[in-house]
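Trainee: I would like to go through the helix packing and the pocket of this model. Can we take it step by step?

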Amino acid sequence: DLMTALANLYSGCVHEENGENDAAMNDYNLAFNAAKIVNDSLIMARILLYKGGLLSKQGLYLESIKKYEEAAALCSSYADKKASCYLAIGNRFLPLNNYDSAFYYYDEGLELARNSGDSSLYGKFLHNIGLTYLETNNYDTAAKYLREAREFVRDTAQSVKFHLTFASLYL
């Protein structure tokens, strides 16, 4: 049932926090199976995001991308949730130096975020697009996206991250 799914998800998070990756993945799998029984696509998607995050922490980027893609498919009716999945996918292509794929998912997600009305999520996409242009030494385009992202910075942590990225343009 749903409570079983949530309990296993929480247990997986605790195991992950304690560095017990195998136990965490086992709990995430149990959570996913329980959510599948009640056919709750948003909970299943959330669990897949946690599984993808755990795989990513272990450097298993391609495997994590698959989990994020599965999560995105489950969120097809929710633009903001699907956009969040696309942000995660784009981010996982960066350590693989696959910038074209990162840009593809960032562009798709940017449109979804815009259409969802989630300005904070929209700003995160602009920031990550700018960061990716910065990483590919396209400084003028990076500056353009980072300046636009500045309008959507809402919290202190996001503000610090933004300013550090923007400052790196000039270092």
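Trainee: Is the crossing of α2 and α3 left-handed or right-handed?

Mentor: Keep in mind that this is a predicted model. α2 and α3 pack with their axes 9 Å apart. Their crossing is left-handed.

Trainee: Are α2 and α3 roughly parallel or roughly antiparallel?

Mentor: Start with the angle between α2 and α3, about 165°. Angles over 145 degrees count as roughly antiparallel. Therefore α2 and α3 are roughly antiparallel.

Trainee: How many nonpolar residues does the contact of α2 with α3 have?

Mentor: On the α2 side, the contact includes Met25, Tyr28 and Phe32. On the α3 side, Ile43, Ile47 and Leu54 are among them. By class there are two polar and two charged residues. The nonpolar residues number 13.

Trainee: At what angle do α1 and α2 pack?

Mentor: α1 covers residues 2-17 and α2 covers residues 21-37. Their axes are 8 Å apart. The two helices are roughly antiparallel, so the angle has to be over 145 degrees. Its value is about 165°.

Trainee: How many charged residues are in the contact of α1 with α2?

Mentor: The α1 side includes Thr4, Asn8, Ser11 and Glu16. The α2 side includes Ala23, Asp27 and Ala34. By class, 10 residues are nonpolar and five are polar. The charged residues number two.

Trainee: Is α1 roughly parallel or roughly antiparallel to α3?

Mentor: α1 and α3 pack at about 15°, with axes 11 Å apart. Angles under 35 degrees count as roughly parallel. That is why α1 and α3 are roughly parallel.

Trainee: Which residues of α1 make the contact with α3?

Mentor: α1 passes α3 in a left-handed crossing. From α3, the contact takes Ile43, Arg46, Ile47, Tyr50, Gly53, Leu54 and Lys57. From α1, it takes Leu2, Ala5, Leu6, Leu9, Cys13 and Glu16.

Trainee: Now the pocket. Which element gives the most to the lining of the largest pocket?

Mentor: The largest pocket has a volume of about 390 Å³. Of its 16 lining residues, the closest to the centre are Ala45, Arg46, Leu49, Tyr50 and Ser84. Two elements give two or more residues, α3 (41-57) and α5 (79-93). With nine residues, the most comes from α3.

Trainee: How many charged residues are in the lining of the largest pocket?

Mentor: Sort the lining by class. Nine residues are nonpolar and two are polar. The charged residues number five.

Methods. Residues numbered from 1 in each chain as written. Predicted model: local features only at pLDDT ≥ 70, side-chain atom pairs only at ≥ 80, totals over all residues. Heavy atoms only, no water. Axes fitted to C-alpha atoms, helices over the stretch in contact; angles between N-to-C directions. Helix = DSSP H or I, 4+ residues; strand = E, 2+ residues; numbered from the N terminus. Parallel < 35°, antiparallel > 145°, perpendicular 65-115°, else oblique. Contact = heavy atoms within 4.5 Å. Nonpolar A, V, L, I, M, F, W, Y, C, P; charged D, E, K, R; others polar. 1 Å grid on protein atoms, 1.4 Å probe; cavity = no way out; pocket = protein on both sides within 12 Å on 5 of 7 lines; lining within 4 Å. Points joined across faces, edges and corners; volume = space filled by probe spheres on them. Left-handed = near helix turned anticlockwise from the far one by under 90°.
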